[in-house]
Amino acid sequence: MQLSGESIRKLCRARGLSLNSLLKRSGVSKTAFYHLLHKETVLPRSIGALATALGVRPSALLEERDRERRRALRLLEAADRIAGSDPSTDLDNVRHTLLLLEEEPIERLRRSLIRARKPDHHE
Amino acid sequence: MPENLIITNKEIVFLKELSRHKVEFMIVGAAAAALQGAPVVTQDVDLWFKDLSDPGIPKALRKSGGIFVPAFGRNPPTFAGDAVKLFDIFLTMHGLRCFSEEKKNSYEVKLGTLKVRVLNLDRIIKSKETVRRPKDLLILPVLRDALKTIRQGKRIRNSGRTSRGQ
């Protein structure tokens with residue numbers, strides 16, 4: 001089991017918390033947090049502190065690599081199937097749409113606005 | 001990246017105030033497409049108002065610290081102020097019917113605790129096909145692919161549910 005940075009960020013956003021304030025609240029240092037994200041296994045104490053600060057069960061912060069891999073493969077398979085049904089369809093457009101559909105609408109909108117403000121993208 | 005340009009609580013407050021005052025509006029354009037899952041980029045959020053003289057608009061603006069700037073020369077009417085400068089005003093949509101008719105082709109999307117009306121992706125495509133500005137022509141293939149993906153993705157999910165249920 002590994003700590004899921006994505007789950008933690010999502011939970012923070014849902015609670016209007018920044019990652020920094022979560023770390024402060026849970027008493028976990030930034031260095032320790034980023035170290036934990038890259039570890040294959042994590043100490044129950046660190047998970048416990050973060051979970052308590054977010055008001056969730058510790059299991060909500062863990063990711064199973066296989067589960068993530070299965071999810072990614074399912075998405076790629078669906079993208080292949082959809083793009084394969086019509087040669088005029090661009091596989092990247094399909095894949096990005098499927099990825100965005102996994103996000104909340106507000107997050108999709110934020111991403112589109114953020115991307116528009118990077119100098120290498122245009123409306 | 002200027003943080004104040006990305007949709008935050010300030011912008012949400014304005015949309016909430018519009019809803020609270022029962023102003024009839026919907027999100028259209030690339031922002032509406034993005035909300036539905038299209039991988040597009042946009043600089044602003046286009047709001048299509050049924051009636052710009054709705055008294056709820058100035059009330060919502062006052063609450064959000066924004067102001068209304070009437071049309072000037074070739075410039076369309078616009079909003080000014082931190083909380084509202086992200087929004088562009090639309091009174092008609094090229095290639096589409098009137099607001100009340102197109103409302104049937106829209107649905108409500110949840111933005112946190114707020115529900116906002118968004119024009120359906122197929123109608124956004126129809127409008128861009130009519131306008132045909134260079135930037136519309138660029139974005140059209142992406143929007144069409146996104147619509148196909150959303151429709152087929154739903155079918156795939158539904159067939160998965162059916163086969164699991166059998």
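I will start with a hairpin in chain B: β6(B) and β7(B) have two residues between the strands, and B:G112 there takes a positive phi near 65°. β7(B) covers residues 114-119, and β6(B) and β7(B) pair in the antiparallel sense over six bridges. Pairing means that DSSP finds at least two bridges between two strands. Within this pair, B:K110 stands opposite B:K115 of β7(B).

Before going on, some housekeeping. This is a predicted model, in which local features need pLDDT of at least 70 and side-chain atom pairs count only at pLDDT 80 or more, while totals for chains, interfaces and linings use all residues. Residues are numbered from 1 along each chain as its sequence is written, and chains are lettered from A and ligands numbered from 1 in the order in which they are written.

On confidence, the model scores ipTM 0.86 and pTM 0.73. pLDDT is the predictor's confidence in each residue, from 0 to 100. Chain B has a mean pLDDT of 90, with 90% of its residues at 70 or more. A contact means that the C-beta atoms of two residues, placed from the backbone, lie within 7 Å. Where pLDDT is low, the predicted coordinates should not be read in detail.

Next, B:L15, which lies in helix α1 of chain B. Is B:L15 buried or exposed? B:L15 counts as buried, because there are 24 C-beta neighbours inside 10 Å. The cut-offs, with C-beta atoms placed from the backbone, are these: buried means 20 or more other C-beta atoms within 10 Å of the residue's own, exposed means 12 or fewer, and partly exposed is in between. Leaving out residues up to four places away in sequence, B:L15 touches B:L114 and B:V116. B:L15 and B:L114 are 99 residues apart along the chain, yet their C-alpha atoms are separated by 8.1 Å.

Now helix α3 of chain B, residues 56-64, where the buried residues are B:I57, B:A60, B:L61 and B:S64. These residues line one face of the helix, because seen down the axis of α3(B) they fall within an arc of 100°. That arc is taken over the directions from the helix axis to the C-beta atoms. The buried residues of α3(B) pack against α1 (9-20), β3 (67-69) and β4 (78-80) of chain B. After α3(B) comes B:G65, with a positive phi near 80°.

Some loop residues also deserve a remark about phi. Most residues other than glycine have a negative phi. B:K22 is not a glycine, but its phi is positive, about 55°. B:K22 sits in the loop between α1 and β1 of chain B, and is exposed because 8 other C-beta atoms lie within 10 Å. B:R132, also not a glycine, has a positive phi of about 55°. B:R132 is in the loop between α5 and α6 of chain B and counts as exposed, with 11 C-beta neighbours inside 10 Å. B:R133 lies in the loop between α5 (121-131) and α6 of chain B. B:R133 counts as exposed, with 10 C-beta neighbours inside 10 Å. The C-alpha atoms of B:R133 and B:G153, 20 residues apart along the chain, are separated by 30 Å.

Turning to chain A, there are seven helices and two strands, in the order β-α-α-α-α-β-α-α-α along the sequence. Chain A has 123 residues, and 23% of them are buried. Its domain assignment gives domain 1 (2-63) and domain 2 (65-116), with bounds that come from an automatic or database assignment. The C-alpha centres of these two domains of chain A lie 26 Å apart.

Last, the interface. How many residues of chain B are in contact with chain A? There are 30, and they meet 25 residues of chain A. On chain B, α2 (29-35), β6 (106-111) and α6 (134-165) each supply at least two residues of that side. α6(B) gives the most, with 11 residues.

Note on methods: Helices (H or I, at least four residues) and strands (E, at least two) are DSSP runs, numbered from the N terminus.
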